[in-house]
Structure formats: structure tokens, C-alpha cells
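Hi,

Here is the structure I said I would pass on.

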Amino acid sequence: MEKTTPVSEPNVLSPDRVRRHTSTAMQAKLDAEMADRVRFYADKSRERISERIGELQREWSIERHMQVNVAAAGLMTGALALSRNRAWGLVAAASAGVLLLHAVEGSRPSLCAARLARLRSRAEINREIYALKVLRGDFDEVGKAWNLDERIEAAIRAVRL
């Protein structure tokens, strides 16, 4: 099988906010790694592909890492503000502000570090899941359905994450 380099969409047009705030070079690197993983599973059994899909469904996304880190910092500084010094309340507010910034803009100060650690957004993880589902044959039934209702049911079954 010939190795192809995936083409990353421009940052501005990406519906994934994390990808919009990621450099094109880093996106290309993450996309190439995903393509290599999918290529690895191209000749594996349906059961092995299903195992990998299960692993991907449990994988923590960059958003989840950020939520856990900010929640932990907020709880810790909130507890310190209540027990020690009210100035810690400002740190708790700053933690909440970082979470709000990410929710609105999709960016955060440590996004570059998280991307270097190869953390992916949920949308990127789902792309790999769908690619593996195609390899597993989940979408084959859609083309074989005889009428519209059967095609709709087959399509719904195929896209279940």
C-alpha cells in the first residue's frame, strides 16, 4: 500500500476549535500519525479493529485533560481560599477563566504543550474511529440496502460511536 500524506484543512475553516488554534505543521504531523495508525489496522481482523475502536472511545481528549486540570486547580485554590487566605480565590477565578476561554475560543495558553504531547481533540479521535469503521466494513450495508428506509437504518447503525 502506498503511503500518502494527508492534507490538513486550513486553520481558519476547521470546525474543530482546537485545530483552528494549532499550527499547520503540528496538524500535518498529527494527521500523518493517525494515517499511520489506520494503515497499521488495514489488514487486521474485525475483532482487533473493534478493540482499537474501544480504546479510542476511552481515550482522553485534549478537552477532557483541560477540564480535569482546571477543575482540580479550581477546587484546590477554592479550598485554600476558604481555609487559608482569600487571595487564593483569585487563583480559583483565574482557573475558571481559563476554562471559559477554552470553551468560547478553543484555545488556552498550554495548548501548544498539550499538542506536543500528542493530545488530540475529540473530533480528531472520532475521525480515526470512523476511518477504522470504514475498514471494518460498517458502512458496507448502506450501499447494499434496497429501499430508503433500509439505507437510513444501515446509515444510523454505521455511524454509532
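**The D31 story**

D31 counts as buried because its relative accessibility is 3%. (Buried means under 20% relative accessible area, exposed means over 50%, and partly exposed is in between, with a 1.4 Å probe and protein chains only.) D31 makes a salt bridge with R127, with the closest N and O atoms 3.5 Å apart. D31 sits in helix α2 and R127 in helix α7, so the pair ties together parts that are 96 residues apart in sequence. R127 is partly exposed, at a relative accessible area of 32%. For salt bridges, the rule is a side-chain nitrogen of Lys or Arg within 4 Å of a carboxyl oxygen of Asp or Glu.

Before you read on: this is a predicted model, where local features need pLDDT of at least 70 and side-chain atom pairs count only at pLDDT 80 or more, while totals for chains, interfaces and linings use all residues. Residues are numbered from 1 along each chain as its sequence is written, and side-chain values use heavy atoms, with hydrogens and water left out.

**The overall build**

The protein has nine helices and zero strands. Helices (H or I, at least four residues) and strands (E, at least two) are DSSP runs, numbered from the N terminus. Of the 161 residues, 33% are buried.

**The cavity around D31**

D31 turns up again in the lining of the largest cavity, together with R19, L30, M34, R120, E124 and R127. By type, the lining has two nonpolar, no polar and five charged residues. Here Ala, Val, Leu, Ile, Met, Phe, Trp, Tyr, Cys and Pro count as nonpolar, Asp, Glu, Lys and Arg as charged, and the others, Gly among them, as polar.

The structure holds one cavity of 30 Å³ or more, and the largest cavity has about 40 Å³ of space. As for terms, on a 1 Å grid over the protein atoms alone, a cavity is a set of points where a 1.4 Å probe fits but cannot get out, and a pocket is an open set with protein on both sides within 12 Å along at least five of seven lines. Grid points are joined across faces, edges and corners, and a volume is the space filled by probe spheres set on the points.

**The largest pocket**

The largest pocket has a volume of about 170 Å³. R46, K133, R136, G137, D138, E141, A154, R157, A158 and R160 line it. Seven of these residues are charged, two are nonpolar and one is polar.

A search of the whole structure finds 16 salt bridges.

- D36 and R39 meet at 2.7 Å, N to O. Both lie in α2, three residues apart, about one turn of the helix. D36 is partly exposed at 32%, and R39 is partly exposed at 22%.
- R48 and E51 meet at 3.1 Å, N to O. Both lie in α3 (residues 46-58), again three residues apart. R48 is partly exposed at 27%, as is E51 at 46%.

R48 and E51 also belong to a network of salt bridges that links them with R37, R52, E55, E59, R120 and E128.

R118 has a phi near 70°, a positive value in a residue other than glycine. Most residues other than glycine have a negative phi. R118 lies in the loop between α6 (111-116) and α7 and is partly exposed, at 32%.

On the surface, L148, I152 and I156 form a nonpolar patch with about 300 Å² of accessible area together. Patches take residues with over 30% relative accessible area and no salt bridge, joining like charges within 9 Å and nonpolar side chains (Val, Leu, Ile, Met, Phe, Trp, Tyr) within 5 Å. Accessible areas come from the Shrake-Rupley method with a 1.4 Å probe, and for residues only the protein chains shown count as cover. L148 is in helix α9 (residues 148-159) and counts as exposed at 59% relative accessibility.

Cheers

How values were computed. 1 Å grid on protein atoms, 1.4 Å probe; cavity = no way out; pocket = protein on both sides within 12 Å on 5 of 7 lines; lining within 4 Å.
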